[in-house]
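Here is a brief report on a ligand site and on aromatic pairing. Look over the sequence and structure first.

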Amino acid sequence: MRGIAAYKSVELVRLLQDAGYDPHVVMTAAAEKFVTPLTFAAISGHKVITSLWGEEAGTGSAEDDAEGDDGVSSIEHIQAAQSTSLLVVAPATANMLAKFAHGLADDFLSTMYLATTAPVIVAPAMNVNMWEHPAVQTNVATLRARGVKVIEPGSGYLACGMVGGGRLAEPATIVDAIVETLAGGTEGGVGQGGDFTGETVLVTAGGTREAIDPVRFIGNRSSGRMGYAVAVAARRRGAKVVLISAPTGLPCPAGVEVEQVVTVEDMRAAVMARLNEMTVVVMAAAVSDYRVKSVAEQKMKREGAQAVSLELAGTVDILREVVGRRRDGTLVVGFAAETENAMANGRAKLERKGVDAVVVNDVSEDGIGFDSEQNAGSFLTKDGAVEFPVMSKTEMAERILDEVLKLRDRAAH
Ligand code: CTP
């Protein structure tokens, strides 16, 4: 494992966690020369398997430490290999590719490769001459023929000073491949599917912006996290996902088609253009209710600006339009961010907008809702309310999708 590639592996673990996975790390002896197992143990929260014979590094996690180091046998390791849902090797060295291709099993990773029936992804990284060597290319071809997904090294500057094609692919690219594989790729991959397989989900997220002049806008405090979490969870559970995103500081989620928009009108156009394909629509965006009636063409000056009035006009209610134009069977979930009488306002919104469900958040409480990692609220339908206590937005996204599936079941019976 080359130094830079090792850092990328650390980032890969983090990105996988962000995508809602729970990665466990296996390290070879070569990898340990660049990063300590404790680094991976600390970020993954799990023991790192470093040998066939149970000498792995602890984690500081009470649950894992309780098992003790001594009791872990190679048999248990093989069980770990068999319960994993995907094996990704990043970086994969020329040596490891050769071992995989020829069925050698002289360390934990090569043994795991033989023992697992899960899909395997390799992301090779090595000197460019090694990568291009017929011996390596033949091994890669053998692995491909066996169904192993190979993420080609990207080109660029290598640590050994040569410029070429041996550099480990970017972590985000590797995560994309993992999500595609686990969620059931649309291109006939080795996907295992999930309970959203067959659904096409549109999610809106972020806070729209309405211009005042060329440099100023009216916006809101939405971070986009809740909508992004719903998009990531739906993709991981097997849906095809289109995310229409107003500005956020968030990275594009893997495996999700993202369309960036700014104003309410942009968002409306983007949503309507895709509505016909959708089986589920989740409108988590904080959409401006007003826009400035006439936007100043030049930057407004301070001079004489003691009291300026902006004339505002109402914007179109995208959610209402979606409900009016959806195909039969398309489920529509709205959000209601409220600062008072959350439940009553939420229920009124449910009826007024004609949606199948409203997720109500009380955004007046500190630490939940807007611009925070956590959320709490209720999932309202015509049949009642399901309470969501304070939890991470990632977890709430899963709970919202669970409720959407229940609505789907109810509609079917
Ligand atoms: N919404 C929308 N288009 C708008 C305003 C809101 O699609 N122009 C959607 C939001 O994405 C959210 C839901 O409607 O899913 C409720 O948004 P909210 O701002 O809470 O409600 P409003 O309809 O604006 O009602 P009010 O401001 O009176 O609370």
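## Shell composition

The model is predicted.

## Polar contacts and cover

A polar backbone atom of Ala 285 lies 2.8 Å from an oxygen atom of the ligand. For a polar backbone atom of Phe 335, the distance to a ligand oxygen is 2.9 Å. Lys 353 uses its side chain: an N or O atom there is 2.5 Å from an oxygen atom of the ligand.

On its own, the ligand has 570 Å² of accessible area, and the protein covers 79% of this. The space that the ligand takes is the second largest pocket.

## Aromatic pairs

How many aromatic pairs does the count come to? With ring centres within 6.5 Å as the cut-off, the count comes to two. Phe 100 and Tyr 113 form a stacked pair, 4.1 Å centre to centre, with 10 degrees between the planes.

Phe 100 lies in helix H5 (residues 94-102) and Tyr 113 lies in helix H6 (residues 108-115), so this pair ties together parts that are 13 residues apart in sequence.

Conventions:
Residues are numbered from 1 along each chain as its sequence is written. This is a predicted model: local features need pLDDT of at least 70, side-chain atom pairs count only at pLDDT 80 or more; totals for chains, interfaces and linings use all residues. Side-chain values use heavy atoms; hydrogens and water are left out. A polar contact is a pair of N or O atoms within 3.5 Å; within protein, one must be able to donate a hydrogen and the other to accept it, and residues adjacent in sequence count only if both atoms are side-chain atoms. Accessible areas come from the Shrake-Rupley method with a 1.4 Å probe; for residues, only the protein chains shown count as cover. On a 1 Å grid over the protein atoms alone, a cavity is a set of points where a 1.4 Å probe fits but cannot get out, and a pocket is an open set with protein on both sides within 12 Å along at least five of seven lines; lining residues have an atom within 4 Å of a point. A molecule sits in a cavity or pocket if more than half of its atoms lie within 2 Å of its grid points. Rings of Phe, Tyr and Trp (its six-membered ring) pair if their centres lie within 6.5 Å; planes under 30 degrees apart count as stacked, over 60 as edge-to-face and the rest as tilted. Helices (H or I, at least four residues) and strands (E, at least two) are DSSP runs, numbered from the N terminus.
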